[in-house]
Amino acid sequence: MEVANARNPATKRKFDDAVSNGVATDVDLSLLEAIEKSQNAVEVLDLRTLKKHVLSFERRLKENIEARLKYPNQPDRFADSEVELHDELQKLKVLAGAPELYPDLVSLNVVPSIVDLLNHDNTDIAIDVVQLLQDLTDEDVLDDNDDSARVLVDALVDNSALELLVQNLHRLNDSDPDENVAVYGTLATVENLIEVKPAVAELVCEKTKLLKWLLGKIKVREFDSNKQYASEILAILLQSSTVNQKKLGQMNGVDVVLQAVAMYKSKDPKSSDEEEMLENLFDCLCCLLMPLENKERFVKAEGVELMIIIMKQKKLAYGSAIRALDFAMTKYPPACERFVDVLGLKTAFAAFMEVVCFDAQIPVSKKNKKERYQEDLEERLVSLIASLFGGILRGSRRDRLLSKFVENECEKIDRLMELYIRYSDRVKAETERLNQVEFDDLEMDEDEIYNRKLESGLYTLQLIAVILGHIWCSEHPQMRGRIELLLKQNKLSKTHIKDILQEYHDNIGDLDGPEEKERAQTKIQKFIMAL
């Protein structure tokens with residue numbers, strides 16, 4: 001049986017002309033509209049109203065199904081029923097004003113009928129459903145209605161809403177204004193569902209081809225709002241799911257995201273929205289670089305080289321490139337080795353020294369203040385250098401890394417000690433504040449106190465101490481002498497560094513397993529003994 005085209009022109013005309021064709025020319029249309037609005041305004045949203053809307057919707061749905069079955073090849077014969085179905089879907093949007101009724105909506109067993117319409121042959125009807133689901137699941141609507149929200153979201157997931165939303169997404173055309181809005185609405189609905197039920201993030205990637213669609217969207221060179229939103233949804237799907245990170249890596253996702261950010265290696269985004277998209281893309285890249293196998297893909301795809309090029313160009317993506325390198329080189333020696341081999345040390349240490357005066361050539365995102373941006377760069381560069389020391393333990397590469405701290409009369413050690421003193425003072429101030437809080441009888445456990453200190457800069461201070469430990473263990477007399485001199489000038493001793501390292505040692509977790517914890521603690525203990 002042949003079915004009418006998905007979006008029949010006759011049906012669309014019916015949508016546009018429904019009012020003018022059904023009303024006499026001598027009637028004041030504005031008066032009718034005012035009367036209708038006043039009637040809607042006084043309608044009470046209760047269970048009785050809900051049942052009335054559901055019954056009316058199901059009646060129109062049944063009429064539309066019957067008309068399409070009876071006249072499959074005559075769109076004009078079922079166009080009226082489609083207009084009426086469209087109107088009923090619009091009326092159901094009023095339910096967004098009463099989320100407490102969602103459990104009743106589910107119990108009336110209307111959710112399957114609504115969701116099935118995402119597969120309707122008329123794309124206009126499917127778009128109506130997308131808009132309805134977006135409204136019903138809107139974050140502002142569901143606020144303070146957690147239980148009701150979960151009931152609705154569970155019902156939508158159980159009735160294949162995820163599969164049908166994404167299936168419909170693949171047939172939407174961005175060049176059509178209405179369908180373009182529906183693309184955005186689909187992504188918004190997925191985001192809303194994840195907000196209520198975080199498990200949806202993995203479910204939607206497992207049951208649908210959403211990841212494939214998102215990759216295709218960020219591949220497009222031209223920027224638009226849906227490309228921006230696609231990058232944001234992709235980041236949400238990746239940020240807390242190792243399963244999704246690995247799955248996207250297997251889909252050549254690392255290479256696709258690298259290609260997307262490569263468009264900005266020598267140019268800046270033209271708007272704040274495009275700037276936000278670029279940040280989302282780097283968020284995606286950093287999430288992808290968490291599993292070991294994706295770090296390998298990053299190195300093979302020459303991601304290290306690309307990030308170095310972006311750093312050299314000093315465009316808006318400068319800081320993001322440093323962050324990506326930090327993720328890539330953390331606990332992955334091959335990335336560290338590649339970084340040294342492609343002359344990344346010169347670029348990294350130039351950045352390390354430039355942050356002192358904050359190079360005016362580097363543009364700063366409007367969202368970030370210069371001071372915070374500078375601190376982020378400092379912390380990322382310290383982490384990157386610590387990763388290099390952890391990943392390159394011997395040989396000529398290690399010698400090249402250590403030689404950077406001898407250059408220009410040990411200026412890198414001067415910079416390192418400057419940061420050490422600053423972060424040490426900051427952590428000391430926070431510790432004193434926390435002690436005062438405890439004195440005021442506000443109880444805090446040890447973990448909470450430690451986390452507060454980490455947030456104040458303790459983690460960066462610990463990494464600096466680790467770097468100093470690596471330098472000290474090189475037994476280079478000039479570098480050792482410089483460290484001792486700078487400590488003395490600031491009325492400190494090596495014991496201060498030892499104490500920082502000891503606290504780090506005692507708080508190393510076993511997230512990567514007991515063997516990795518023991519190995520890490522042994523390394524830190526070696527520094528403590530050597531100092």
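**Exercise 1.** Describe the secondary structure of the protein and the share of its residues that is buried.

*Solution.* Begin with the elements: in this predicted model, the protein has 29 helices and zero strands.

**Exercise 2.** Find the buried residues of helix H21 and work out how they are placed around the axis.

*Solution.* First locate H21, which spans residues 333–341, and pick out its buried members, namely Ala335, Cys336, Phe339 and Val340. These four cover an arc of only 135° around the axis, and therefore they lie on the same side of H21. The general rule behind this is that an α-helix has 3.6 residues a turn, so residues three or four places apart point the same way. The next step is to ask what this side meets: the buried residues of H21 pack against several helices, among them H18 (292–300), H20 (318–329) and H23 (370–391). To finish, look just after H21, where Leu343 takes a positive phi of about 65°.

**Exercise 3.** Determine whether Asn192 is buried or exposed, and list its contacts beyond its neighbours within four places in sequence.

*Solution.* Start by placing Asn192 in helix H11, which covers residues 177–196. Its relative accessible area is 11%, and because buried means under 20%, Asn192 counts as buried. Then set aside the neighbours within four places in sequence, which leaves Asn192 in contact with Gln134, Thr137, Asp138 and Glu139.

How values were computed
Residues are numbered from 1 along each chain as its sequence is written. This is a predicted model: local features need pLDDT of at least 70, side-chain atom pairs count only at pLDDT 80 or more; totals for chains, interfaces and linings use all residues. Side-chain values use heavy atoms; hydrogens and water are left out. Helices (H or I, at least four residues) and strands (E, at least two) are DSSP runs, numbered from the N terminus. Buried means under 20% relative accessible area, exposed over 50%, partly exposed in between (1.4 Å probe, protein chains only). The arc is that of the directions from the helix axis to the C-beta atoms. Contact means heavy atoms within 4.5 Å.
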